[in-house]
Amino acid sequence: MKPLLGIFGGTFDPVHFGHLRPALDVMQALDIEQVRFLPNCVPPHREQPWLDAATRRQLLELALADMPGFELDCRELEREGKSYMVDTLASLQADFPDHHLCLILGMDAFCGLHTWHQWQRVLQLCHVVVTGRPGFDWPSEPALQVLEACRCTDPGELKRLEAGRILLQSVTQLDISASEIRRQLQSGLDIRYLLPEAVRLKLLEIKNA
Ligand code: ATP
């Protein structure tokens with residue numbers, strides 16, 4: 001039996017309530033001690049985020065500041081080369097040997113898990129908690145096959161077993177995406193109530209600089 005550590009990775013371009021509320025729902029439902037938010041470093045050959053890494057990090061700092069149990073973890077931004085989740089998990093396991101790692105993924109992200117670098121090893125290093133997201137109800141093949149092979153319905157298994165279980169967790173359904181926020185901001189629309197106020201104000205400051 002070990003306590004759980006939540007891992008929430010993403011581009012956070014920018015962070016919004018669709019990241020934060022589901023993460024809190026998972027933390028409370030599964031008695032997770034801490035959720036670590038890991039902004040990713042996007043490889044140079046892929047489409048680059050709208051906001052640079054320093055800004056995405058700064059906005060996450062603002063978003064997480066008043067929430068005990070939410071921590072910013074910048075190891076992917078600080079690492080040289082491509083950031084593969086499998087490497088991130090190995091490094092987290094070395095830093096937190098007394099915890100079981102729970103990778104929190106929205107259903108959209110889970111549907112792409114089988115395309116990740118060494119994805120089978122990912123499941124040897126952590127459990128996966130899949131949250132619903134509006135527009136992404138249920139996985140299709142081959143993600144469905146992965147889910148069926150590893151699915152657990154007893155959250156207690158996450159503390160008992162080292163890794164390899166996949167749990168579906170219902171969370172508050174918020175139809176918010178970073179891409180829609182970027183679109184609204186670029187169209188001059190008000191993005192209030194989609195993300196923390198401190199993040200909105202900092203974004204406006206950057207945009208008007
Ligand atoms: P973009 O619109 O730029 O693709 P995004 O809003 O999907 O961005 P990401 O940073 O790519 O945000 O997502 C990081 C993680 O957060 C993923 O696991 C994703 O499934 C999850 N996530 C993002 N938005 C929501 C949401 N509204 N509800 C549930 N999960 C979400």
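Reader: Which side chain does the side chain of Thr-88 make a polar contact with?

Author: The side chain of Glu-76. The distance is 2.6 Å. Keep in mind that this is a predicted model.

Reader: Where is Thr-88, and is it buried or exposed?

Author: Thr-88 sits in helix H4, residues 85–95. Its relative accessible area is 0%, so Thr-88 is buried.

Reader: What else is Thr-88 in contact with?

Author: Skip its neighbours within four places in sequence. Then Thr-88 is in contact with Leu-38, Arg-75, Glu-76 and Arg-79.

Reader: New topic, the ligand. How many residues surround it?

Author: There are 21. The closest are His-16, Asp-108, Leu-174, Ala-178 and Ser-179.

Reader: How far is a polar side-chain atom of Ser-179 from an oxygen atom of the ligand?

Author: That distance is 2.6 Å. The backbone comes in too. A backbone N or O atom of Leu-174 lies 2.8 Å from a nitrogen atom of the ligand. For Thr-11, a backbone N or O atom is 3.0 Å from an oxygen atom of the ligand.

Reader: How much of the ligand's accessible area does the protein cover?

Author: The protein covers 85%. On its own, the ligand has 600 Å² of accessible area.

Reader: OK, peptide bonds. Which kind runs from Asp-13 to Pro-14, cis or trans?

Author: That bond is cis, with omega near 5 degrees. Pro-14 lies in the loop between strand E1 (4–10) and H1.

Reader: What about the bond that joins Glu-141 and Pro-142?

Author: A cis peptide bond joins them, and omega is about 0 degrees. Pro-142 is in the loop between strand E5 (127–131) and H7.

Reader: Why does His-19 count as buried?

Author: Its relative accessibility is 14%. Buried means under 20%, so His-19 counts.

Reader: And Phe-12, what is its phi?

Author: Phi of Phe-12 is near 50 degrees. That is a positive value in a residue other than glycine. Phe-12 is in the loop between E1 and H1. With a relative accessible area of 2%, Phe-12 is buried.

Reader: What is the phi of Tyr-193?

Author: Tyr-193 has a positive phi of about 75 degrees, although it is not a glycine. Tyr-193 is found in the loop between H9 and H10. Its relative accessible area is 69%, so Tyr-193 is exposed.

Reader: Now H10. Which of its residues are buried?

Author: Val-199, Arg-200, Lys-202 and Leu-203. Looking down the axis of H10, those buried residues fall within an arc of 165 degrees, so they line one face of the helix.

Reader: What covers them?

Author: The cover includes helix H2 (53–64) and helix H9 (178–186).

Reader: How far does H10 reach?

Author: H10 spans residues 197–208, which is 12 residues. From first C-alpha to last, H10 reaches 16 Å, close to the 16 Å expected.

Reader: Last one. What does Ala-143 touch?

Author: Not counting residues up to four places away in sequence, Ala-143 touches Phe-110, Cys-111 and His-114. Ala-143 and His-114 are 29 residues apart along the chain, and 6.6 Å separates their C-alpha atoms. Ala-143 is in helix H7, residues 143–150. At 2% relative accessibility, Ala-143 counts as buried.

Notes: Residues numbered from 1 in each chain as written. Predicted model: local features only at pLDDT ≥ 70, side-chain atom pairs only at ≥ 80, totals over all residues. Heavy atoms only, no water. Helix = DSSP H or I, 4+ residues; strand = E, 2+ residues; numbered from the N terminus. Expected span 1.5 Å × (residues − 1). Buried < 20%, exposed > 50% of the residue type's maximum accessible area, 1.4 Å probe, protein only. Arc of directions from axis to C-beta. Contact = heavy atoms within 4.5 Å. Near = heavy atom within 4 Å. Polar contact = N/O pair within 3.5 Å; in protein donor to acceptor, adjacent residues only side chain to side chain. Areas by Shrake-Rupley, 256 points an atom, 1.4 Å probe, with all protein chains shown as cover.
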